Structures are given as C-alpha cells and as structure tokens.
Amino acid sequence: MRVINTFATRWTSYTSALPTHYQQHIRTFLNDATRNTAIQTFFQHIELNYGNLSSLIDKGPASETIVSSDGVIHPQHLVRLCQHEATALHIPNFFHPEGAKQLGEELIQESLMRTNSGKSSNWKVSTSRGLESSDVATLGEHPPYNVAVARDREYRRVQSEDETRSSPINEYFEGVQREFQFRRKRKHQLTKDTNQNKADHYRLWPLDKLRLELEEAWPCGCGLARETSSSNDNSQLQYPRPFGGGLPRLMMGPTRWKRGFIHVDEMGPLDVNRGLFSANIYLTVPENKSGDGDSGDATNNAVPERRKGRKDAGALYIWPLGVRSRWDWYRNATTLSGLSAQDPETQLKLHDKLGKPNIIQPQSGDLVLLCAQRPHCAVGFDEGVRVSLQCFLQYDGIDKRLLIDC
C-alpha cells in the first residue's frame, strides 16, 4: 500500500503517459475522503486493462546469469550487469572456500556470544507497514543504514527529552569505523607464541578484497560512499565520513519463508545510466540431504557441480523482470506493490506471475552480484546456517565511480 500511495502522490507529473480519460479520474479522487480505497481501485482497474507482467520478463542476454569461472571480476561482465544487459553475475571461488568456511564458523560463534549478551540484531525488511523482522540476522558494530535512519526519526521526535543522547546517524558512522578496524584483525586463540600472533595480526577481509577488485575492474574505479548534507545535517562536520562497506548476515534454519521472501531493495524502473546492486559473498551454506545443486553459466547451462544437495534449498532465486518505464510500473502496480509485503497470499501470487527464476546455488567463497531492483529471494531451508557478507553498489553511469554502502 505504501508503494501505491507513493505512486499516486507523484502521479500528476506523469499523467501524459496515460490515456486522457484516466487523467480525469485522477483529478476526481486524489483529494477524496476515501483516497486509499480509490487509489487501490484505480490501480486495480489500470492493471486489469493494461497490465501484463509476463511481457516484461527479459529474454536473451539480458535474462542471463553470467558465470565467471576463473574467480575474477571482469570489466565487461560488470558493465553488462550495471547496464541491465544481464540479470546477475556469479563468481565461484572469489574467496578461498576453506578460508570462507573458517570465517563463517567464527561469525556463527560471534553471533552466539552476541545473542547471549542481548546484542544480536535482526535484518529489518522495508515493507508497507514499515520495517519488519526477517529470517536474517546481522552482526557488526553498526546497523544497516536504513535501520539507523528509522531510529534517527524517533530520536529527533524525543530529542528534547534526552539531549545527552547521541544521534543514531552519528552512532552509525562511528560504528562503521570500528567495524572496519575490527574485521581486519585476525582472531587468535590464546597461545604462548606471542611473536607468531604479532606476525599474523591482520587478514584480508572478504569485503575489503571485493572493494579492491571492484576498484580495479570498474572503468572509473570504486570506493565507499560518503555522507552528504542529506545523510547528516550536522553543519559542524568538517570531513564527510564513509558509509559501511558491508555487514555479515546469518540465516538460520528452520526459516520462516520456505520458498523464500520475494522482494526488491529499491522500487523503480531499470535505467541504463543508474541502478542499485547488491554484492553477496557466501561463507557457509546449509548442508542439504539429497538431490543436485544447480547454477547456470552465461548461456544458462549447468556448471560442474561441487556439492550434492537437496534441489533449490538455500538457493538464490532472481527473476529477469525488466521494468524499464514508469508506465510499465504503474500498469502493474498492484502486483508489484507485493514486493514490499511480507504477506503469504501476495507471495504466492508473485511466484505464479513472475514465472521461472534464474537459480544460483552458491557455495562457500562464491560472490554473487545482482540488480537489487529485480525480484529475488533466498530459498528457505530446515537445518543449518547460511553466513554471508553483503554490501550495496550505487551505479550512476559508466563515467562515474561505483559507490559502496551498507
């Protein structure tokens, strides 16, 4: 409903895309007392007469999942993805599998310690009812930025009651610096050989490796996004601080959404000159009991499997939905608004209307990059833990730097 309301408030400037008789309908109901009902009815009528989601499913190269089997981020693959000429980019063995598993186990133990001390944090999902809990928990010295923003709104509402309390936005940026320093230090067990510990003090954190290789692969380089006046209104701030470079995420079985929660991380049509992308490095994946894992290469053929597992459990689904105009959004608004709703009935409708997804069965050490504006979900599982590291990439044209945030 929040998505549909947003559509309506911004609709006036886009009425030229609609038939004339629908423009008249808009003027009659936008200020009506039954506004919400009228909005729903209007968009249902639009979708009934003009909607056709299946016609927006990409075909050919734009629907493909590129697989870079040498473990390297190649510029041509990255450009294809960012310009929406591919649906996803899968890089097996981006990080050494054994090293990934070890880091995953460390993070599981850290999660248990934080849970016991009451410091665990659930990954909040933006829905029509606001931020809601999901199957995923996060670790780290700071929350995701969207959570910090939500907390900051509440902070400003009651700020006069506690003037000594720090702003959640400031706490976020301070936590980002602690997270960077903490993750680069190797965790040692207590030993008598202190010299060996000093010599092996630092490690290559997978998200740092990702940032370095994106800097090398993207034509104009890649780096951390920085705060602006819109992200922090502290006029005394002299130097813009960096956003987070990514956070660990844990998904524990049994999961709530057995078929996965289909969603997008940003609503809006695909644009060749901009987009929001997510990068996910998988550390540990749940063990499955039977069947075959599956993943596709650049032509959607199977790559050599490396692990037996129950088909699709723990897999990543990405739908090659290519909405490329506002009119295509609006004429399918009723269905697409379900991408922000944690509602079982709506999720079933999305599974039915979106058709067959691209399926990636990630393994330890794999990197997957995808357009966060395309519908996607992580398929649920009954047992085990999936540990991954995630950040977001902001793309604003091939002649601009990629910006990382979290």
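Predicted model: local features only at pLDDT ≥ 70, side-chain atom pairs only at ≥ 80, totals over all residues.
A cavity is a set of points, on a 1 Å grid over the protein atoms alone, where a 1.4 Å probe fits but cannot get out. Its volume is the space filled by probe spheres set on the points. Local features need pLDDT of at least 70, side-chain atom pairs count only at pLDDT 80 or more, and totals for chains, interfaces and linings use all residues. Residues are numbered from 1 along each chain as its sequence is written, and side-chain values use heavy atoms, without hydrogens or water.

The search of the whole structure found two cavities of 30 Å³ or more. Lining residues have an atom within 4 Å of a point. For the largest cavity they include Glu 179, Phe 180, Trp 205, Asp 208 and Gly 245. Two elements give two or more residues to this lining: α7 (168–183) and α9 (206–217). Helices are DSSP runs (H or I, at least four residues), numbered from the N terminus. The lining holds three nonpolar, two polar and five charged residues. Asp, Glu, Lys and Arg count as charged; Ala, Val, Leu, Ile, Met, Phe, Trp, Tyr, Cys and Pro as nonpolar; the others, Gly among them, as polar.

The second largest cavity has a volume of about 50 Å³. Leu 270, Val 323, Trp 329 and Pro 375 are among its lining residues. This lining has seven nonpolar, two polar and one charged residues.

Helix α4 spans residues 75–82. Its buried residues (under 20% relative accessible area, 1.4 Å probe, protein chains only) are His 77, Leu 78, Val 79, Leu 81 and Cys 82. His 84 follows α4 and has a positive phi, near 60°.

Conventions:
1 Å grid on protein atoms, 1.4 Å probe; cavity = no way out; pocket = protein on both sides within 12 Å on 5 of 7 lines; lining within 4 Å. Buried < 20%, exposed > 50% of the residue type's maximum accessible area, 1.4 Å probe, protein only.
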